[in-house]
Every structure is written in C-alpha cells, then in structure tokens.
Amino acid sequence: MAGSARVVAATLITALLATACSQGSATRTEEPAAGGKVTLRYFTFSAAPDHVKDLDTIVAAFEKENPTVDVQVETAPYDQYFTKLQTSIAGQTAPDTFELNYENFVTYAGAGSLLDLGTAGGDTDTSGYATESLNAFKHDGKQFGLPASFSTVVLLYNKDLFEKAGVALPTADWTWEDEKAAAEKLTGDGVFGDFQPVTFFEFYKALKQTGGEFMAGGKSTFNSPEGIKAAKWLVEKVGKTMPTEAEIGGTADYDTNLFKSGKLAMWHNGIWQFAGLKDVPFGWDVVVEPGDTQKASAVFHNSVAASATTKHPREAYAWAKFMSSSNVAATTRIASSWELPPVSDQAVLAGYLKDPVPANRQAVFDSLKSIALPPVIARQQEMQDAVTQELTEAAAGRKSVEDALTEAAAKVDALLG
Amino acid sequence: MAKTLKYALVVLGALIMLFPFAWAVITSLTPAGAVLQTPPDFTPDNATLDGYTRLLETMPFWRIMFNSLWIAVASTVFQLVTSAMAAYAFARLPFPGRGALFAVYLATLMVPLQVLVVPLFIEMRTFNLTDTYFAILAPTIASAFGVFLLRQAVRQVPKEFDEAAVLDGAGHFRIFTLVVLPLIRPALATFAIFGFMASWNSYLWPLVIIRSPEFMTLPLGLANLHGQFTTEWNVVMAGSVVSVVPILILYLFAQKHVIASVAQSGLK
Amino acid sequence: MTLTETPVEQVAKQPVRPPRKRLRYALTVAVFLLPSAVPLLLFTLIPMAGSLWTSLHEWNLITPMRWVGLDNYADLLTSEETHAAFGHTLYFIAGYLPLVYAGGLGLAMLLNRAMKGRDLFRAIYFLPVVTSWVVVALLWKWLLNPASGIVNWAIGLAGLEGPGWWTDPDWAMPSIILASAWKDLGFVMIILLAGLQAIPNEYIEAARVDGANAWQRFRRITLPLLSPSTFFVVVISLINGFQVFDQVHVMTGGGPAGATQVVVEQVYNLTFKYGRAGEASALSWLLFAVVLVVTIFQVRGQRRWVNYG
C-alpha cells in the first residue's frame, strides 16, 4: 500500500509542477506584445462557429494595415456571451473592443461602460456608414458604437408548394389578409402554411405593421386595439396554419428543419438563413414581409464598441472602424453571407445581389425602406422575456389575448419604473 | 423463475438506459440535413463521419482534449488527497470545534455556484490569475462533497483495525496510509469518478475565467458549436459522444477497484 | 450551528495529554485538514463572503454597486415569485428524491449479486450519469413530446390520451423529475454499491443460517449497515436538489407559464440575464438558510438511524 501512496505523491507533485509551469505562459497577455506592439482584444458572438475564418481574414487585413496592433480574438456562443462580458467588466478585465447588438447597446451605453468612439480616434469621418445604422448606436448624442453588420427579416416561401396548391406566389403588395388566405389553402397533408414565432420580436414588428406603438412617453402603449390585433395575428396562426408548441416540441431549429424538408410554405425568418438553404431540393424565394396598414420589417444590428477602460483608445477606434466599414470587412461579409455590412457604398452592396438564389434578393434592400427597430429599455431582457411569456400563454390557449396583453403591459410598466 | 424475471428486468432497464446514448451516437452519424427528425432519418447507408470530421475542423480539438484531460486528472488527484486527509481527521481525530468545522465544510456546498462566479472572478483578478490553468483548477482542489463521502467511508472502518495499529506503535500518518486508505478503496474509486466528472463537465467557471483559446476546455468547445441562429446537431452529438468516452474508461477502471476491494480488505 | 452529532465522544475520547504531545496532536490535525481547508477558504468561502456583501447592494455587474442594506431580502421575502420558486423547488425534491433513492437502491441490490454481464450492466446504468444534460434534455423532450413522442404513442396504444408533459404547466415538473431520476439512478447506485461492498458477507450468511428470509435480511442487516451511505445520499441529494438548475435550464427554462421556475434558475436569470446580481445573491442566501436548516435537522437526526458499525 505504501507503493500506491508513493504513486499518489508523485502524481501530485507532477500536477503541481505542471500547474506552476503553466503560469509563465499564461500571464503573457498582460505584457505588451514583442516589438512595442499593442495587443488589442476583440470579443465577439457572431463569428463562431461559422465565420471564424472570415473574421481571421478581416483581422489579417487590419494587422497588415496597422502593423503595430495585434488583434486577439475571443469568441463565445451568443447564449453565454453576455455572462462573460458582464463578469469581465465587473472584474475590470473588459476586452478592449467587443460586439454589442442593438438591443443590449443601451444598457451598456447607459452604464458608462463604453468609450465615445466619436472622439477616441481624432477622426470623425462617418461618411462610410448608412446613416440609420450609425444613429442606432448613438446614445446621449455620443457615438458609443460603430455599426458592423445588420440583417433583416423577410418572408421566405417554398415555390413548389405554392405551385402544387395552385396559390399565387407572394408579392411585395401582400397584406396580412393575403398571407392568411394563402396559408389556409397551403396547410394540410403534413404541410404547414405559415411559421412565425410568437415572441417579443415578432410582436413589436407586427404592432408597427398594423399602425400601433409599443411605448411612448415612458409608458407601454401596446395594450391597445392595434396591440390586440397584432397579438391575434400571431397567436391565431398557432394550431391552424402553424404547428403548436407541443408539435414544435421545443426542438431548436424545428422551423428550419420543417422548411428544409419541404413541409413549410411560408416562413418569417432572417436573411441569415440563406446560406443554409443552398442545397434544398425545391424552389424558394423571398419577399418583403406583408404588412397590415403599413409595411414594417425587423432589422437586427450588431456594432463594435470599445470599453471605457481600454488603455488603447486610438487602436480600439481604428479596429472598430475597420471591422465595421472597411472594404475588406464589407466584401468579406457579403461573400460569405455573414449578415450585411451597414455601409453607404451601394457598389459594395450590389455584390450581394449577384448570388442567384434566392432570386429576389432585392427584397432584402427593399425591406430597409420601412423598418421597425425594437423598443429598447434599460431592463431589456426582462421586458423581452415578459412579453414573450405572456404571448406564449395566449398562444397555448391558457389566457385570452386581452388578458395576456394587460398583464404584459403591467409588467413592462413596472420595468419602466 | 424469480431470477429470470429479475434478469429480464435488469436487461430491460439497461436498454432504457442505453437508449439516449445510442440515440446520440446515431444522430452523430447522421448527415447534417437529416438530424432531429421523427423518426430519425438514419440508415446505415447514409451514415457518415461528417460530424466527427467537422468536430476536428471547427476547433483545435486535440489541444482542447489535452487541456480538459490534464485539468481533470490533476483536479481528481488533488481532490482525492485533500479529501481523504480531511475525511480521516473528521472521522478519527477528535478536536474541539470539529463538528462546527465540518458544518462549514458542508456549508460550502449550499450556495449556488452561479452567485460565486463573479466574486471568485474578482478575487482571481486581484491575484492576477485570470486566464490561467491554475484559475480553472483552483475551485476543484478541495471538495466538501469528497470529504463527506470519504468521511462516511472512514467511519465505517471498524476501529479495532486502527487500535491494533496503534498498539504496534503506528502514528496517524501510518494508520491513514496503511490501514484506512486501503480499506476505503471503493469509496476512493467512486469519488475519483465524481471528482473527474465535476472537473470534466465544469462549464460556467471556465467560461468566465478563460479568454485565451489555448486554455479552452471541452465543454466550452462544445458550447461554441451552438451558433446564434443555427446548430449543427450532428457535430454537437459527435462532441457529446466523444466527451463521454474518457469518463467511461475511468469508470471501467475504477469499477474494478470497487469490486476488488472486499477481497483485499481482509474484512472476510 | 454545530453539526456535532456525538459531543460525548469528543470528551470521552480525547485523552488528557501533556503540552508537548498536545502540540504534536494539534499539528497532526492541522496537517490533515489544511490541504482542504485552505483551498476551500480561498476559493469558496471568500467568494461566499463576496456574495453576502453583494446581497446588500443593488448591482448590475457593469456599474458600481449601490448600498441598499437589507432591502433585497425584504423585497424577496414578500415577493410572490420567491415563494413560487421555493415551492417549485420543494415539488422537485419531493418527487425526485424518493424516486431516485428507491430506484438506485433497487439497482444496487440487483447488481450487487453475481449475474451474467454484471459489470457491463453497471456501466450501462452509469452511462446517463456521465452524459451531458444538453443531450439528455433533448432526448427526453423528444420522448415526452406530446404530439409525436414515443411515450404518448405508447399511452395511446392503451387507448388513453397522454398528457402535454413539459408543454403543460401541470406536467412540466413531473417531466423534469422523471428525466432527473432517470439520469441520476446510476449516481445513487454506485454510491450504494460501494456501501454494500463494505458489508461483511458473514453477517448476511449468519442471518441466513438463523433462518431469516430475504426481506428480513434486507430489512435487518443490509439496510442498517448501509445507513451511512444512505445518509450521505440523502444529505447530498437534498443539497443538490435544492440547487436544481441544469435540467430545468435546458428542458424548460422555467416555463411553461413559470411552472418550473426553481430558485437557482431564478438566481441565474437575475445575475446574468437581468443584471440584478444583488437580488440574486440575496436569494441564494435565503436558499442557503433553508438548506442549512434542513441539513442540520438531518445530521442531528442521524443518531436515530445511522449505524457506523
């Protein structure tokens, strides 16, 4: 038995040594990189797992242009990204630059965590950006983030199913009524006519499509006739032209698989789905989402922001600008369908239209003519969760739409304090 | 008759237990487009190793595997040694305040990790230890769970054994290593499995403390397979299958000790 | 606060020693304890103190803390959400613990005797323990799918209509309990198996010679001698049960309609999703208080049924 004790002791010492040795290499990031180089950390959620190589391309181009800067990329899945970001800010080890989506931007800008990029670089040229995108990342008149990418939500449809059912293909002039009528005709034989998730994000957009407003003057205003109409538009699809929660079964990507397997005729989803639909064995295309009294398309924006505590504000600005508006970044994004670059140069964007599938790519740009930005408050996540939960209750038939909206409004008002 | 029935019961139960793993294996071998369908769209003809090759492509797989393995092994060894020693003290060395101290040990299990992560991160930051192997390992050097498990085992060792050793003039260290440790081998083997698993599956803490890709561990790598909008389930399943293998090997190894112990313990 | 279960033993067994020997003894105790005490102090107790401090503040992690005293506690104690979260957690424990213990004990008894392929079976029953919750949750949601799951299909064969399982607020917690018990059976089994190994065979043989039947041998010999392991399983399962999180987080995320919103799921949301770290810490300390009281009761009560041979 003394033998096994020795083995344990030996292993323990080895482990201790290995631990000790690892320290040397581990602290290296704290020191300035060799040759007076500045190490600039960039934290992102949108690169992994599909676009890591595209990000590498952009980083390499930036480092070539800025030989004194070494960009160190860190990635985390979106689900855990903010856990990590918040903890690092709390521990005062925030990355120099990081990605922020529009919905979370206000929380961080309001908390004073972000560097004013308008003054950080001593360069105020913002002509390369699409104005609406740029303005989305202003807070108190300061440019706390540079828009790096955007994507929109459109109506994807399976052409073959429409033709088989003898239903006219969707057009840009469609309204909710047209969509509903078509969905009803298309549903049956294991095929669902429509799919639109019952969530906060679909609701605020539908609300705008029917002419309502989510909030005004620091109070919620969605518990209105328009709000009820928008909620009913979403909720009443469930179980009729769209699968129920039970059928969806909480499976991630259920709708993606349903569409890919040719059993879904119309699908409200983002342009980020295009790449995954390359090889489907049926014809499909897109149109701008139908509206009710007006058109309104959802736009998701991501930005590059810099930490207020970064030691390298100039480099942080240079990288943020490069990542968001350089020609390399823009063309790399377009070539790999990694969302869209919010640049003002139409020639760059035109590259996006070259891809033949879907044929009506122009709809992506058309959808930008009338956009619906999500309402954003300091306690954003709580608001989103509360609204989604109440709508889900209504969709499951456990509450009336009216009751659900009343309770959602009460919760949101409490969050607005 | 009753024996056959029991056997049938065990076999049936085993099938139910095996089912999810079999399902994970099958999903991992299914082409990307065909996963998660009911019924699964899988035939031996369309089986593919794509999930596994993608796994090797999308992450520095061997580096991640190496990190996870050595961290888990080191943390298991640390935990076995520190826990067994403490267990001996709590079971065999009376001292004033022993019960209170044991209560403090147990209390460390009662606050959810989710609220300890941020203070621990800040503490590591003040020691300038964030983003190091040591930081990943630190919370798993000692384990109150292990102390408790092993204390129960030590207390089951008949006292006559130590007393005999004391009469031979043995001190506590000799009693510990020569008498008690061999007798609690089943518990040590059991705890080795749990200690290893705790480190191997640890997710939240490595997630926040690590930022350099070279320190990445397997659960972090697997989580990275979930994109914001899409997930390649065949790759996720391939990763899950691979991640089970080391624990299974350890289990099969440890199981021998669990069984062999009786014969060697001299309890017969 | 002490968990001293046998104070008499200390007084009786601690021999009066001369000072030098006492110092040596104290050193011995220290050497045995410090390797675990120091890391626990540094990497658990200090963060615990940190979270206690946090619980007295309003803090969203990204702005400086703001002192609020005991407000977080006062708010939580009167909040319906807190009561519901503790209720759901107790519901989980009440369903999970008996199921997993009875199942694990039965398995351990079955797999403790000689049978063909025993080692293989043990490994198979242990397989779910080592499989990640992400995979297990996905699978169980699929099995328990109200519309297309195998379980409801089987119930349908019997001419009955299966429930909505995790999509139905009334059935969501039973679904989680079922999946959890299934996954953890092997955990209980392996600990009880190790305990069974420690029971000398001759005790059971002696009982057999005395004419005790199988049930009597189990009831009078095995169960009492297994009590230290049982005690461990119950204490640990309760401590872990109160902190149930992984399975809820991946299976239902607290839904539907908040029916599975357990305490730690709430703690997680408050800390990392909602930027309310102060309240999350306060909630954790309320949980701590409950778990501590429950554990003290168990440790105090063990004298009556735990047999350390």
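Visitor: Let's start with C:Ala147. Is C:Ala147 buried, exposed or partly exposed?
Guide: This is a predicted model. In it, C:Ala147 has 17 other C-beta atoms within 10 Å. A residue needs 20 or more to be buried and 12 or fewer to be exposed, so C:Ala147 is partly exposed.

Visitor: Where is C:Ala147 found?
Guide: C:Ala147 sits in the loop between H6 and helix H7 (150-157) of chain C.

Visitor: Leaving aside its neighbours within four places in sequence, what is C:Ala147 in contact with?
Guide: Residues of chain A: A:Ala246, A:Glu247 and A:Gly249.

Visitor: How many residues does the contact take from chain A and from chain C?
Guide: Chain A supplies 21 residues and chain C supplies 17 residues. On the chain A side, helix H3 (78-90), helix H11 (245-248) and helix H17 (380-395) give two or more residues each.

Visitor: Which one gives the most to that side?
Guide: H3(A), with six residues. By class, the side of chain A that touches chain C has seven nonpolar, eight polar and six charged residues.

Visitor: And chain C against chain B, how many residues are in contact?
Guide: 76 residues of chain C are in contact with 75 residues of chain B. Several helices of chain C each supply at least two residues to that side, among them helix H1 (7-13), helix H5 (118-130), helix H8 (169-197) and helix H10 (214-242).

Visitor: Which helix gives the most there?
Guide: H2(C) does, giving 17 residues to the side of chain C that touches chain B. That side divides into 49 nonpolar, 22 polar and five charged residues.

Visitor: What is the secondary structure of chain C?
Guide: Chain C has 13 helices and two strands. The C-alpha trace of chain C spans about 65 × 55 × 30 Å along its principal axes.

Visitor: How much of chain C counts as buried?
Guide: 46% of the 309 residues of chain C. As for contacts in chain C with a separation of 6 or more, 70% are between residues 24 or more positions apart.

Visitor: Pick a helix pair in chain C. At what angle do H12(C) and H13(C) cross?
Guide: Roughly 160 degrees, and their axes come within 7 Å. An angle over 145 counts as roughly antiparallel, so H12(C) and H13(C) are roughly antiparallel to each other. The crossing of H12(C) and H13(C) is left-handed.

Visitor: Which residues make the contact?
Guide: On H12(C), they include C:Val263, C:Val267 and C:Leu270, and on H13(C) they include C:Ala280, C:Leu283 and C:Leu287. The contact of H12(C) with H13(C) has seven nonpolar, three polar and one charged residues.

Visitor: Now chain A. How do H9(A) and H10(A) cross?
Guide: The axes of helix H9 (residues 200-209) and helix H10 (residues 225-235) of chain A come within 8 Å and cross at roughly 125 degrees. H9(A) and H10(A) are therefore oblique to each other. Their crossing is right-handed.

Visitor: Which residues are in that contact?
Guide: A:Phe203 and A:Leu207 are among those of H9(A), and A:Ala230, A:Trp233 and A:Leu234 are among those of H10(A). By class, the contact of H9(A) with H10(A) has seven nonpolar, one polar and two charged residues.

Visitor: How is chain A divided into domains?
Guide: Into domain 1 (32-151 + 302-354) and domain 2 (152-299 + 360-416). The C-alpha centres of domain 1 and domain 2 of chain A lie 30 Å apart. Their contact takes 13 residues from domain 1 of chain A and 14 residues from domain 2 of chain A. On the domain 1 side, the largest share comes from H4(A), with six residues.

Visitor: And how is chain B divided?
Guide: Chain B has domain 1 (1-48) and domain 2 (59-265), and 31 Å separate the C-alpha centres of domain 1 and domain 2 of chain B. Eight residues of domain 1 of chain B and seven residues of domain 2 of chain B form the contact. The domain 1 side of that contact has five nonpolar, three polar and no charged residues.

Note on methods
Residues are numbered from 1 along each chain as its sequence is written. Chains are lettered from A and ligands numbered from 1 in the order in which they are written. This is a predicted model: local features need pLDDT of at least 70, side-chain atom pairs count only at pLDDT 80 or more; totals for chains, interfaces and linings use all residues. Two residues are in contact if their C-beta atoms, placed from the backbone, lie within 7 Å. Helices (H or I, at least four residues) and strands (E, at least two) are DSSP runs, numbered from the N terminus. Ala, Val, Leu, Ile, Met, Phe, Trp, Tyr, Cys and Pro count as nonpolar, Asp, Glu, Lys and Arg as charged, and the others, Gly among them, as polar. Domain bounds come from an automatic or database domain assignment. Axes are lines fitted to C-alpha atoms, for helices over the stretch in contact, and angles run from 0 to 180 degrees between N-to-C directions. Angles under 35 degrees count as roughly parallel, over 145 as roughly antiparallel, 65 to 115 as roughly perpendicular and the rest as oblique. A crossing is left-handed if the near helix is turned anticlockwise from the far one by less than a right angle, and right-handed if clockwise.
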